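Welcome, and thanks for taking a look at this one with us. Here is a short briefing to read alongside the sequence and the model.

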Amino acid sequence: MSDFAKKRIVVKVGTSTLTHKTGKTNILRMEKLVTVLADMHNMGYEVILVSSGAVGVGAGKLGLKAKPEKTQELQAVAAIGQGELMFLYDKFFSEYGVTVSQLLFTTEEIEDKESREHLLDTFNQLIKYEAIPIVNENDSVSVDELLNGDNDCLSATVAALVKADMLIMLTDTDGLYDSNPTENENAQLIETVEKITPEIINFAGGAGKRGTGGFQTKIKAAEIAVNAGIPVVIMNGNKPSRIYKVLEGKSVGTKFLASKE
């Protein structure tokens, strides 16, 4: 077993990983991700999944040709998609005998001391029950992540709350580059970030087409996690099996080292 055996790992998956370019659910990739997470669970890891995708899945189910732009439309589509998203997760995880749970909350609830303590108690009890918590922002009542973050910062906040040993963020790029790889064929992947500097922040680009985040919010999320003493790996989610390499300590994507302070 790796150095992270029986450790608490938060995995964040973005909309771009869970959906095709058509906007509809990428069922094969979702199934492969679940296979890896269920296997990690069986290996003894304490897995927490922070999953975006409710808007994408909801839009696909409604047959919408484009992502809604109005806030109330996004909230309604997310409400439809969340049920479908959990149905798929429950279906796939149950094939491996793994129980899942749904946790919907807002950043305001994490910031409130009493609510935060109750939430942490729930996380710990679910893990004690050997159930995998699946987390999303409660988009029907809060729009911060819905409009700005694609759950990036939420995943880091959750990792800090539960005192995770690592945060793995799956996205549609291989990691952080020193320039835009779609515009510069000589762009170099940054494998290790020892400290988040203004230069590192400047490397971050804008949001992707199907998500709401982009590397700017991922850098912000990484900063939250590393300042809480949690290392972060940002990697391409197109092949979820590469998570095994991360757990073995091998270089995959971009790793942000935890703050030593």
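Glycine 63 comes after helix 3 and has a positive phi, near 75°. This is a predicted model, in which local features need pLDDT of at least 70, side-chain atom pairs count only at pLDDT 80 or more, and totals for chains, interfaces and linings use all residues. Residues are numbered from 1 along each chain as its sequence is written, and side-chain values use heavy atoms, with hydrogens and water left out.

**The chain as a whole**

- The chain holds 11 helices and eight strands; helices (H or I, at least four residues) and strands (E, at least two) are DSSP runs, numbered from the N terminus.
- Of its 261 residues, 51% count as buried, where buried means under 20% relative accessible area, exposed means over 50%, and partly exposed lies in between (1.4 Å probe, protein chains only).
- The chain has an accessible surface of about 12800 Å², and carbon and sulfur atoms account for 48% of that; the areas come from the Shrake-Rupley method with a 1.4 Å probe, and for residues only the protein chains shown count as cover.
- Taking contacts between residues at least 6 apart in sequence, 72% join residues at least 24 apart; a contact means heavy atoms within 4.5 Å.

- Helix 3 (residues 54-62) is mostly covered, with seven of its nine residues buried.
- Those buried residues are Ala54, Val55, Gly56, Val57, Gly58, Ala59 and Gly60.
- Helix 8 (residues 152-161) is largely enclosed by the rest of the structure, because eight of its 10 residues are buried.
- The buried set in helix 8 is Asp152, Cys153, Leu154, Ser155, Ala156, Val158, Ala159 and Leu161.

**How helices pack**

- Two packed helices are described by the angle between their axes and the distance between the axes.
- For helix 2 (residues 27-43) and helix 4, the axes come within 9 Å and cross at roughly 55°, where axes are lines fitted to C-alpha atoms, for helices over the stretch in contact, and angles run from 0 to 180 degrees between N-to-C directions.
- On the helix 2 side, Ile27, Met30, Glu31, Val34, Leu37 and Ala38 meet Leu85, Leu88, Tyr89, Phe92 and Phe93 of helix 4.
- Helix 8 and helix 10 (residues 215-227) have axes that come within 8 Å and cross at roughly 10°, so helix 8 is roughly parallel to helix 10.
- Asp152, Cys153, Ala156 and Thr157 of helix 8 make this contact with Thr217, Lys218, Lys220, Ala221, Ile224 and Ala225 of helix 10.

**Aromatic pairs**

- Searching the whole structure turns up two aromatic pairs; rings of Phe, Tyr and Trp (its six-membered ring) pair if their centres lie within 6.5 Å, and planes under 30 degrees apart count as stacked, over 60 as edge-to-face and the rest as tilted.
- Tyrosine 89 and phenylalanine 93 form a tilted pair, at 6.3 Å centre to centre with 35° between the planes.
- These two residues are separated by about one helical turn, because tyrosine 89 and phenylalanine 93 are four residues apart in helix 4 (residues 71-94).
- Tyrosine 89 is buried at 0% relative accessibility, and phenylalanine 93 is buried at 0% as well.
- Phenylalanine 105 and phenylalanine 123 have ring centres 6.3 Å apart and planes at 85°, so this pair is edge-to-face.
- Because phenylalanine 105 lies in strand 3 (residues 99-105) and phenylalanine 123 in helix 6 (residues 113-128), the pair ties together parts that are 18 residues apart in sequence.
- Phenylalanine 105 is buried with a relative accessible area of 4%, and phenylalanine 123 is buried with 0%.

**Loop residues worth a look**

- Most residues other than glycine have a negative phi, and most peptide bonds are trans.
- Glutamate 130 has a positive phi near 60°, sits in the loop between helix 6 and strand 4 (131-137), and is exposed at 55% relative accessibility.
- Lysine 163 has a positive phi near 55°, is found in the loop between helix 8 and strand 5 (166-171), and is exposed at 66% relative accessibility.
- Asparagine 26 lies in the loop between helix 1 (15-18) and helix 2, and is buried at 8% relative accessibility.
- Leaving aside residues up to four places away in sequence, asparagine 26 touches Thr17, Leu18, Thr19 and His20.

Technical notes: Angles under 35 degrees count as roughly parallel, over 145 as roughly antiparallel, 65 to 115 as roughly perpendicular and the rest as oblique.
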